[in-house]
Amino acid sequence: MSISGLISNRNFSSFTASENVYQLRKHQSLQRGSISGLQHGGQIAKDPFARCQHDHHRTSHIEQRTVYGLGVSKLSKVNRACVHYRSEEYDIAETKVDPVASDEGTGEAIILEGNGTPVSPWWQKLPKRWVIVLLCFTAFLLCNMDRVNMSIAILPMSQEYNWNSATVGLIQSSFFWGYLLTQILGGIWADKLGGKVVLGFGVVWWSMATVLTPIAARIGLPYLLIMRAFMGIGEGVAMPAMNNILSKWIPVSERSRSLSLVYSGMYLGSVVGLAFSPMLIQNFGWASVFYSFGSLGSIWFAFWLRKAYSSPKDDPDLGAEEKRLILEGGVSKAPVSDIPWKLILSKPAVWALIISHFCHNWGTFILLTWMPTYYNQVLKFNLTESGLLCVLPWLTMAIFANIGGWIADTLVSKGFSITTVRKGSDAFSQSGLYSNHQDIGPRYAGVLLGLSNTAGVLAGVFGTAATGYILQRGSWNDVFKVSVALYIIGTLVWNIFSTGEKILD
């Protein structure tokens with residue numbers, strides 16, 4: 001068994017140096033897998049330091065050699081150092097050690113695999129397309145954390161500022177004013193400029209607006225409404241930009257599961273926001289949720305700048321094998337110069353997306369913005385209990401969205417038509433509704449999502465505000481009846497008019 005030793009001046013600073021340069025000496029004394037030290041007449045000296053001193057006087061010849069990693073090529077004068085390594089109780093397996101020179105010229109050791117290949121951490125082995133997916137997932141996690149915190153904070157804020165139900169509904173809906181403005185614009189920008197630029201802009205913009213929300217609230221209600229609208233402007237570009245970038249990075253066979261994972265980030269963001277907001281409010285005040293959640297966007301943006309690219313063709317570090325897999329598993333996605341609005345709006349499947357998205361979001365946004373108030377005012381739960389109960393629907397969505405995505409991709413890979421899969425997985429909206437934009441028009445995926453999500457935002461604007469007025473004149477039963485009726489309408493339209501085939505080239 002061979003053993004390599006690496007010695008630097010830092011390792012032996014405790015020994016007194018009598019001359020100027022180090023000596024590297026090798027003694028042959030390997031027994032039972034151990035290095036037992038220096039030998040004299042076949043016996044091991046009882047005092048190792050005395051043995052070294054004795055050896056110092058006996059040695060008359062020094063073998064000169066080049067030491068790799070120490071920066072020493074010729075040795076004329078040496079310091080005599082004696083080192084004892086004792087390992088008689090353990091067998092030491094042979095390990096390949098590769099020395100690497102440090103900035104001081106000393107040797108360092110890197111443990112290598114048996115074939116000499118460096119051991120890489122798991123995250124460096126992750127396919128690059130899934131790095132993009134995870135970054136989009138994290139962006140959507142932050143998106144809903146920053147959005148849902150107002151649902152909890154509005155309770156102590158309304159008490160502090162004496163807001164009635166109509167005012168609370170107005171504040172909740174003001175987010176959607178800005179959100180509405182950038183849906184189609186975000187899709188156009190993403191299709192023309194690339195998803196990296198647009199999604200990065202969106203996260204930075206809404207994070208700043210989140211941090212500034214408490215300041216705006218203290219100045220006055222109009223300023224709070226404006227700041228919430230500004231926040232909506234940033235979040236409005238997120239979905240179109242994400243849809244654009246994933247349409248370029250993800251093959252059709254992985255589309256449902258990737259979109260399901262990304263959209264589950266929204267649900268988990270609601271879980272995190274609803275779970276942690278009450279604790280932050282009780283310990284640090286309602287403003288703390290906006291400061292803490294909003295500041296996380298800067299961390300995400302640093303990773304996004306380093307790791308993300310708008311398409312596989314832009315990534316210089318993407319492996320040839322993965323690039324081939326992505327390009328062969330997708331379709332042509334040349335940059336968009338002109339958008340055929342008349343052709344797009346003439347397709348029944350496009351209108352099925354628009355109408356279904358509106359119906360879907362009406363109930364979703366009521367659940368997101370009004371449920372904490374319902375649990376607090378109607379069921380008489382406290383702030384913490386209201387937040388924890390609101391977590392359950394979103395946690396369930398996060399789990400079953402991913403299950404639905406894997407089921408849908410499995411069915412597609414087994415030969416089922418995409419249309420059948422999209423309609424059959426309608427209950428899992430990520431593998432049905434939200435995957436369909438890339439099916440029917442991959443080149444215009446950002447624009448299509450912008451169109452349908454504009455309708456979804458209108459549902460948020462009208463539904464959230466209407467709920468406040470309904471509660472002043474009616475009851476919560478009326479609120480739930482409207483939501484159920486719209487869910488039924490959306491399901492019927494989707495199953496009659498939607499398709500999974502490409503209809504826009």
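Student: Which residues are linked with Arg129 in a network of salt bridges?

Tutor: In this predicted model, a search of the whole structure finds seven salt bridges. Side chains of opposite charge can pair when their charged atoms come close. The residues linked with Arg129 in a network of salt bridges are Glu254 and Glu322.

Student: How many residues apart are the partners of the salt bridge between aspartate 315 and lysine 128?

Tutor: The closest N and O atoms of aspartate 315 and lysine 128 are 2.5 Å apart. Aspartate 315 is in the loop between helix H10 (287-307) and helix H11 (320-329), whereas lysine 128 is in helix H3, and the pair links distant parts of the chain, its partners being separated by 187 residues.

Student: Is glutamate 235, the salt-bridge partner of arginine 147, buried or exposed?

Tutor: Arginine 147 and glutamate 235 form a salt bridge whose closest N and O atoms are 3.1 Å apart. Because arginine 147 lies in helix H3 and glutamate 235 in helix H7, the pair ties together parts that are 88 residues apart in sequence. Arginine 147 has a relative accessible area of 5% and is buried. With a relative accessible area of 0%, glutamate 235 is likewise buried.

Student: Which helix holds aspartate 439, and which holds arginine 255?

Tutor: The side chains of these two residues, aspartate 439 and arginine 255, meet in a salt bridge at 3.0 Å, N to O. The pair ties together parts that are 184 residues apart in sequence, because aspartate 439 lies in helix H16 (residues 436-440) and arginine 255 in helix H9.

Student: Where in H9 does a kink lie?

Tutor: Helix H9 covers residues 255-284, and its 30 residues reach 42 Å from the first C-alpha to the last, close to the 44 Å expected at 1.5 Å a residue. The helix is mostly covered, with 22 of its 30 residues buried. The kink, of about 30°, comes shortly before proline 278, at phenylalanine 276.

Student: Which residues does serine 277 touch, not counting those up to four places away in sequence?

Tutor: Serine 277 has its place in helix H9, and at 0% relative accessibility this residue counts as buried. Between serine 277 and phenylalanine 290, which are 13 residues apart in sequence, the C-alpha to C-alpha distance is 9.2 Å. With residues up to four places away left out, the contacts of serine 277 are Asn149, Ile152, Val272, Val289 and Phe293.

Student: What is the relative accessible area of asparagine 144?

Tutor: Asparagine 144 is found in helix H3 (residues 128-161). Beyond residues up to four places away in sequence, asparagine 144 touches Met266, Gly269, Ser270 and Leu368. Asparagine 144 is buried because its relative accessible area falls under 20%, the value being 2%.

Student: Why does asparagine 162 count as exposed?

Tutor: Asparagine 162 is found in the loop between H3 and helix H4 (165-181), and its phi is near 60°, a positive value in a residue other than glycine. Exposed means over 50% relative accessible area, and asparagine 162 therefore counts as exposed at a relative accessibility of 67%.

Student: Which helices each supply at least two residues of the nonpolar patch?

Tutor: The nonpolar surface patch, of about 730 Å², is made by Leu185, Trp189, Leu193, Val197, Phe201, Trp205, Ile226 and Phe230. Among them is tryptophan 189, which is partly exposed, with a relative accessible area of 33%. The helices that each supply at least two residues of the patch are H5 (183-193), H6 (195-219) and H7 (221-236).

Conventions
Residues numbered from 1 in each chain as written. Predicted model: local features only at pLDDT ≥ 70, side-chain atom pairs only at ≥ 80, totals over all residues. Heavy atoms only, no water. Patch = residues over 30% accessible without salt bridge, like charges linked within 9 Å, V, L, I, M, F, W, Y side chains within 5 Å. Areas by Shrake-Rupley, 256 points an atom, 1.4 Å probe, with all protein chains shown as cover. Salt bridge = Lys/Arg side-chain N within 4 Å of Asp/Glu carboxyl O. Helix = DSSP H or I, 4+ residues; strand = E, 2+ residues; numbered from the N terminus. Buried < 20%, exposed > 50% of the residue type's maximum accessible area, 1.4 Å probe, protein only. Contact = heavy atoms within 4.5 Å. Expected span 1.5 Å × (residues − 1). Bend = angle between axes of the 7 residues up to and from the residue.
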